[in-house]
Structures are given as structure tokens and as C-alpha cells.
Amino acid sequence: MLSISYWQRLKVAFQYVMPQLYLTQFAGWFAKQKWGAITHFAIKAFAKKYHIDMSVAQKEQFNEYDSFNEFFIRPLKDSARPINQNPTALCLPADGRISECGHIDDNRLLQAKGHFFRLEDLLVDDAELANTFKNGEFATTYLSPSDYHRVHMPCDGTLRKMIYVPGDLFSVNPFLARHVPNLFARNERVICVFDTEFGTMVQILVGATITASIGTTWAGVINPPRHNEVKTWTYEGESAVKFTKGQEMGWFQLGSTVINLFQENKVRLADHLTAGESVRMGEILAYKN
């Protein structure tokens, strides 16, 4: 663990002892409630605290949302997030900040300064899939509570596999990413594997404390219920699901993290992307190599 203050150590230690699942289940229950004026007041307070710009939402008024869940996954106006139309470019999948990005060193990805994790751990010991991305490129996007919570496709793609991985529910904010080893490879997550003109691409939706559910457009809500074992779905022939660049593919009910993996020599990440960079869905993520 990097050198940190006493209070910061307590903050990290609390993540290990807090009732992650129960807090998340309570958040999920609360977010589904339709309490009229009470719900609208709570949404307004949340929006004020996190400086959420409602002018870009399709529904701009707080009283148009019956529950927190509706508010968390609020769709935006069509003009709010233009998709970069360069045919040789991939676009960012979500609003947020770049947690880390760069080259995969053999099978190791940078989580944060001082912390690396392995492809095999992230991809739940799927050796064939892990080998696909050795020496490739990756980008990790952190979605804060203030961000738009829907996730989109960086490029045209065909879904081939989805893997649900049970795990912990540590918070994934930048501070914890710097101080909890193997964070993204130990948290609950949904791994989506796509065939694209840029090679095989993986887009991973990582769960976290208070992230009550993860959903995809083809399968609906993946969790809850939370399973105790890895579950895999394959999509072939008529069951293959095709997407276009910028199309919505999933969502978080409260923010979390998206990780993208690309094969070796297939893409070049945009030069301006660095850790801490604020990004918006639809902006350039990478270029075809």
C-alpha cells in the first residue's frame, strides 16, 4: 500500500469491514421506491450536491422521475453527446474520468500508480480470452455519481459472449483504486466480448458499493439477483447481437467503471487521454492502427 495518512488508512480499512452487499441491496431497494414528493426532493438534493446538468436530459424536471432508478439512468437529448464520425476512430463508451489507460505489458494492466493486475484475474481465468489481449491496449473509465450512467459502443460490433463474474463490491473511486490491490479483478463485473473491425474488443462493466444493478440492452438487468458462480452466455448465428458505433449497450444504476481491452497492434489510444482526464461519451478513444 502506498504511503498514506492515518485517516486514509482507516478509510481503506473500512472498505474491508463494511457490509458491502447489504448497503448495496438497501440502495437498490431505496432507488426503486416511488414516494412522490419525497423522491423528487431527494433527487433534487442529489442533483444539487453533485452539480448535475439537467438541461441535457430528455426529462429536465425532477418531478418527471418516479424513482431514483429512473433518474440514475436518465437518457440524454440526442444532441447532448455527438458521436465522432471518423470511420478509423473508436469513441469513448461513457462519461467520466480516465482512471488509467495505456499498454498491456504482457498480461499486466495498470490499476493506479503502484498497483497492477493480471488479465487472467480480470477475465476470470479464461486463458484463451486473456491471451487474446496480451500486449494490447486498455482504457479504464470511472463514472462518478454526477455522470451520465448509460454505456455505449465505441465502434460497430457483434456480441459473441457475456460473462457474469460474482465478486466484492468495493468502491471504485480513484482513491480506492490507488490503495486496494487487484480492485477491478476482485469486484463483481459483467464481461462483454465483441467482434469488431478493430479486432476482438472486450467491454467490462464493473460493479461497486451502492451500484445496485448492472444491465445490458439485450439481456436486461443482470444483477440482482447476485449469483455465487460465474455464468456465461454465448451468442452465435441468429442469437448474435449487432451494434453500431455509439449505440447504447448497458447501464449502471449509480456510477461505476468501464474497462475496454483491445488486441495487440489493432488500435492506438488517443494521445490526449491520461489518468484523471475528464471525458464524455462519443469523444475519440482510439484510432485504428
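Leaving aside neighbours within four places in sequence, L110 is in contact, meaning heavy atoms within 4.5 Å, with E100, H115, F116, F117 and F138. The model is a predicted one, in which local features need pLDDT of at least 70 and side-chain atom pairs count only at pLDDT 80 or more, while totals for chains, interfaces and linings use all residues. Residues are numbered from 1 along each chain as its sequence is written, and side-chain values use heavy atoms, with hydrogens and water left out.

L110 belongs to strand β3 (residues 108-112), where strands (E, at least two residues) and helices (H or I, at least four) are DSSP runs numbered from the N terminus. With a relative accessibility of 24%, L110 counts as partly exposed, a class that lies between buried (under 20% relative accessible area) and exposed (over 50%), computed with a 1.4 Å probe on protein chains only. The C-alpha atom of L110 is separated by 9.9 Å from that of N182, although the two residues are 72 apart along the chain.

The annotation "active site" in the unreviewed UniProt entry covers D95, H152 and S256; UniProt positions are given in the numbering used here, feature names are shortened, and annotations may be inferred rather than shown by experiment. These residues span 162 residues in sequence, yet no two of their C-alpha atoms are more than 14.2 Å apart, so they gather at one spot.

D95 sits in the loop between β1 (89-91) and β2 (96-103) and is buried, with a relative accessible area of 4%. Its side chain makes a polar contact of 2.7 Å with the side chain of R81, a polar contact being a pair of N or O atoms within 3.5 Å in which, within protein, one must be able to donate a hydrogen and the other to accept it, and residues adjacent in sequence count only if both atoms are side-chain atoms.

H152 lies in strand β6 (residues 150-152) and is buried at 8% relative accessibility. Beyond four places in sequence, the contacts of H152 include P93, Q203 and M281, and M281 is also among the residues that D95 touches.

S256 is placed in the loop between β14 (248-252) and β15 (257-262), and at 0% relative accessibility S256 counts as buried. The unreviewed UniProt entry also lists S256 for "modified residue: Pyruvic acid (Ser)". Among the contacts of S256 beyond four places in sequence are T141, Y142 and L143, which D95 touches as well.
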